[in-house]
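Here is a quick briefing for anyone opening this structure for the first time.

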Amino acid sequence: MRERSALAIAIAMAAAIAGAAISATARADLPTVARARYGGQQGLSKGTIFFLATEAGPVAVGAAHSFALPKLVATPELVFELGHTHATIATATRLLTSLGVGYGEAGGSLRSDFVVFALDAPPALVRVLSAGMADEGDRVDVLGIPGGMGKDQEVVEGRVSGADDEKLEIELDVAYDLRGWGGAPIVAHDDGRVIGIVQAAQPSGRKMRVLATPISAVLDGIRTPLEGGRGRDFAAFREPTVSAETAPASPIAAKPSAAPVLQSGPQHPVEVAIEYPPSESIIGGTDAATFVAGRALAQAGAGLKTDVIFVVDVSGSARLPSGVDVNGNGIVGTAPTDDAKGLYGLGSSDAGDSVFAAELAAVRRLMTRMDPRYTRIAVATFAGRVLSYGVIEDDPALTWVGLTNDYDAVYRALDRVVAPAADGLTHMAAGVDQATRELMGLPGALSREDPESQKIAVFITDGLPSLPVWNDTFANTDVVLGAAKRAAQAGVRVFTFGVGE
C-alpha cells in the first residue's frame with residue numbers, strides 16, 4: 001500500500017477536526033471550489049476543480065482541457081488549495097479515470113472534457129457535492145473563484161436554457177468574467193446538487209451563455225475506474241515514443257496503397273510519437289478508421305545537433321507585472337500606484353504574473369518543443385549592480401546549469417532561479433558574453449563545446465541596457481552590439497525576445 005505523505009496525513013487530520021467542530025448548517029457555507037497546483041513549483045492549472053461524493057469516497061473533478069499533460073505526468077502530486085486564502089485542502093497522486101479529451105481538440109466533445117482525481121485523503125475545509133439532475137428552465141448557481149475580490153468563492157445565478165445527454169446550456173442572469181472557471185460546478189439552486197461542469201462561456205446581450213458537460217458523463221466514467229478503483233499514477237500516462245523499427249504489429253490491418261511509394265535520397269530511421277488517440281484508447285474492427293496525430297522525427301545524424309542557452313533578465317524591473325495571467329490563477333497582477341516607491345520598488349500584486357515569472361514560463365514552454373537526444377540546454381541570468389561610483393560587481397551574469405541533455409537538471413535549475421528575487425540593473429552585454437562563453441566552452445564556462453553543434457542563444461529581457469555605463473543608454477547599447485558581434489564571430493546566433501511593456 002502506498003505510504004501517505006505528511007501533507008496528506010495533515011489534511012486528513014484537519015478534515016477530522018473540521019468534521020467534528022463544524023455544524024451541518026455551517027458546512028453549507030463552506031466553499032466548494034479550489035485550484036490545483038502542480039508539484040515542483042510548476043504553477044497552477046488553468047481552471048477550477050470541485051469535490052464530488054462517490055460510493056468509494058470523495059474525488060476531485062475538473063475540466064480535462066485545464067490540465068497540461070506534460071506537467072501532470074511530471075508532477076509528484078497535485079495540491080488542491082483555496083483560491084484566495086490558498087489553504088491546502090487535499091492532495092492527489094493518481095487519476096481515477098483516464099484523462100479526457102478537451103472539447104476543442106480532435107475527437108473531443110463536451111462529454112469527454114473532464115478529469116477525475118483519486119484523493120490521498122478526504123478534503124478539509126470544503127463542501128463535497130452530490131450529483132443531481134436539472135431540466136430546462138430550472139434555476140442554477142455557478143460556483144467559481146473570483147478574480148481580485150478577496151474571497152474563495154463567488155456565486156453567479158442563472159437558469160438552464162437547454163439540456164440533453166451531450167451538453168447543458170446555461171443562461172446567466174448577468175454577464176460575468178468567467179476566465180479561469182473552466183471545470184467549475186453548476187449546481188441546482190434548490191438543493192445544491194451538481195448538475196454540470198463549466199467548459200466555455202460567451203456574452204449574449206447583457207447576459208452570459210455557458211456551455212457545460214453534464215455530470216452524467218463524469219458518473220459514467222467513474223463506473224469503470226482505473227485499477228479497480230485505486231487509480232493510476234500520473235507518470236503512467238506519459239506518452240510513449242514508438243520506434244518504426246520496433247513498433248508492434250497493429251491489430252488493425254492496413255489496406256495496401258493503390259499508388260507506389262516514391263523514395264529518394266538516403267534513408268534514416270524514423271521515430272513517431274503518437275499524441276492522439278490517448279494511451280489505452282480502444283479502436284474497434286478491422287475496417288475502423290480514426291484520426292491519429294503525433295510527431296515524426298527522422299534521425300538524420302549529427303547535423304541536427306544543437307546547443308541552446310537561455311539567457312534571462314533578472315534585473316529589478318523584472319519584478320513588474322507582465323500584463324498577463326502567467327500562473328493561470330484567474331487574476332492578472334498589477335503594479336502599485338504609489339510613485340514614491342520608484343521604479344525598482346514596484347512589484348506585481350501577483351508575483352506569479354511578473355515579467356520574471358513570464359520569462360521562466362517561456363523557457364519551460366520552449367523546452368517542451370526540444371528533444372534531449374539532439375539538443376543540449378543551458379541557463380544563464382544577468383542583472384548587474386553598481387558597488388560604488390564607476391565600479392560594477394564582478395559577476396553581473398551567472399550560469400545556473402551548463403549545457404546538458406538532462407532536462408530534469410535544467411528544470412531543477414529553473415526552480416533555483418526563482419529563489420533569489422529579481423534585483424539590480426540591466427547589464428545586457430554581460431548576458432550575451434556569458435552565452436558565448438558557455439556555447440564555445442571558453443575559460444570560466446561550465447560547459448564543454450561540441451564543435452559539431454549549431455549554437456543558439458535565446459536572450460529574454462524586459463527593457464533597455466542600463467550598464468556598464470551608468471545613466472547612458474546609448475553607450476550601453478553600443479556595448480551590447482559589440483557583445484553581439486563577438487557572438488556572431490564565434491558562430492553564435494542570438495535570438496532576442498522582449499517581455500512586458
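Helices (H or I, at least four residues) and strands (E, at least two) are DSSP runs, numbered from the N terminus. What you have here is a predicted model, where local features need pLDDT of at least 70, side-chain atom pairs count only at pLDDT 80 or more, and totals for chains, interfaces and linings use all residues. Residues are numbered from 1 along each chain as its sequence is written, and side-chain values use heavy atoms, with hydrogens and water left out.

**The nonpolar core**

- A nonpolar core is a set of buried Ala, Val, Leu, Ile, Met, Phe, Trp, Tyr and Cys residues joined through side-chain atoms within 4.5 Å.
- "Buried" stands for under 20% relative accessible area, "exposed" for over 50%, and "partly exposed" for anything in between (1.4 Å probe, protein chains only).
- The largest nonpolar core has 25 residues, and F51, F67, L72, L78, F80, L95 and F117 are the ones with the most contacts inside it.
- At least two residues of this core come from each of β1 (33-38), β2 (49-52), α3 (69-74), β4 (78-81), β5 (88-95) and β6.
- Strand β5 gives the most to this core, with four residues.

- G182 is in the loop between β9 (168-172) and β10 (185-188), and it counts as buried because its relative accessibility is 13%.
- From G182 to A64 is 118 residues in sequence, yet 9.1 Å in space, C-alpha to C-alpha.
- V187 belongs to strand β10, and its 5% relative accessibility is why it counts as buried.
- V187 and M133 are 54 residues apart in sequence, with 9.1 Å between their C-alpha atoms.
- A430 is part of helix α7 (residues 428-440); with 12% relative accessibility, A430 counts as buried too.
- The C-alpha atoms of A430 and T381 are 9.3 Å apart, while the two residues are 49 residues apart along the chain.

**Salt bridges**

- For a salt bridge, look for a side-chain nitrogen of Lys or Arg within 4 Å of a carboxyl oxygen of Asp or Glu.
- The structure holds 19 salt bridges.
- One of them pairs the side chains of R159 and E171, at 3.6 Å from N to O.
- R159 lies in strand β8 (residues 154-163) and E171 in strand β9, so this pair ties together parts that are 12 residues apart in sequence.
- R159 is partly exposed at 33% relative accessibility, and E171 is partly exposed as well, with a relative accessible area of 24%.
- D177 forms a salt bridge with R179, and their closest N and O atoms are 2.7 Å apart.
- In that pair, D177 is partly exposed at 44% relative accessibility, whereas R179 counts as exposed at 60%.
- D220 and R223 also form a salt bridge, with 2.3 Å between the closest N and O atoms.
- Salt bridges that share partners join R111, D220 and R223 into one network.
- D220 is partly exposed at 36% relative accessibility, and R223 is exposed at 60%.

- Patches are made of residues with over 30% relative accessible area and no salt bridge; like charges are joined within 9 Å, and nonpolar side chains (Val, Leu, Ile, Met, Phe, Trp, Tyr) within 5 Å.
- Lys and Arg count as positive and Asp and Glu as negative, while His and the chain ends are not counted.
- D135, E136, D138, D190 and D191 form a negative surface patch.
- D135 has its place in the loop between β6 (115-119) and β7 (139-144), and with 55% relative accessibility it counts as exposed.

- H86 is not a glycine, but it has a positive phi of about 60°.
- You'll find H86 in the loop between β4 and β5, where H86 is partly exposed with a relative accessible area of 41%.
- E227, also a residue other than glycine, has a positive phi near 55°.
- E227 lies in the loop between α4 (215-222) and β13 (232-233), and E227 counts as partly exposed at 45% relative accessibility.

Technical notes:
Accessible areas come from the Shrake-Rupley method with a 1.4 Å probe; for residues, only the protein chains shown count as cover. The place of a charge is taken as NZ of Lys, CZ of Arg, CG of Asp or CD of Glu.
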